[in-house]
Amino acid sequence: MAVLEQFVEERRRAVDLRNWIDTYAVNAAQDSETELTRMCEWARARLREYDLLLSQARLSTMLRDSHLFPAVDPLVETAGEPAPEEAFSGRPGPKTHPRRPNIL
C-alpha cells in the first residue's frame, strides 16, 4: 500500500501543479520579467521531474526491483484445487478392508 499511496500522491501533486501552471502561465507570459514568470518556469521544471518520476517504465522497474508482485506468489493458496500427490506421499493413507468400503 505504501508504494501505491506514494505514486498516487505524486500523481496528485503533478496534476495540481499542471493545473496551477495552466491557470497562471497566461498572466506570466504577458510580462516576462516578473516573479510569477520565474515561478512558472520553476513549476514547469518541477513538472518535468514529476513526469519522469511517474513514468510507467519507472513504476515497472521499481515494482520489479522490490519483488512486491512476483509472477508466482508463494503466499497465495490455490483455492479449490486439490493438493499435489507428492505432498501426501509421506503420510499413510486410510486402511481399507476387503469387505467394507473405505468411508474415510
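Q: Why is Y24 called partly exposed?
A: Buried means under 20% relative accessible area, exposed means over 50%, and partly exposed is in between (1.4 Å probe, protein chains only). Y24 has 35% relative accessibility, so Y24 counts as partly exposed. This is a predicted model, where local features need pLDDT of at least 70, side-chain atom pairs count only at pLDDT 80 or more, and totals for chains, interfaces and linings use all residues. Residues are numbered from 1 along each chain as its sequence is written, and side-chain values use heavy atoms, leaving out hydrogens and water.

Q: What makes W20 and Y24 a pair, and why is the pair called tilted?
A: Rings of Phe, Tyr and Trp (its six-membered ring) pair if their centres lie within 6.5 Å; planes under 30 degrees apart are stacked, over 60 edge-to-face, and the rest tilted. Here the centres are 4.9 Å apart and the planes stand at 35°, so W20 and Y24 form a tilted pair. The structure holds 1 aromatic pair.

Q: Why are W20 and Y24 about one helical turn apart?
A: Both sit in helix α1 (residues 2-30), 4 residues apart, so about one helical turn separates them. A helix here is a DSSP run (H or I, at least four residues), numbered from the N terminus.

Key
Helices (H or I, at least four residues) and strands (E, at least two) are DSSP runs, numbered from the N terminus.
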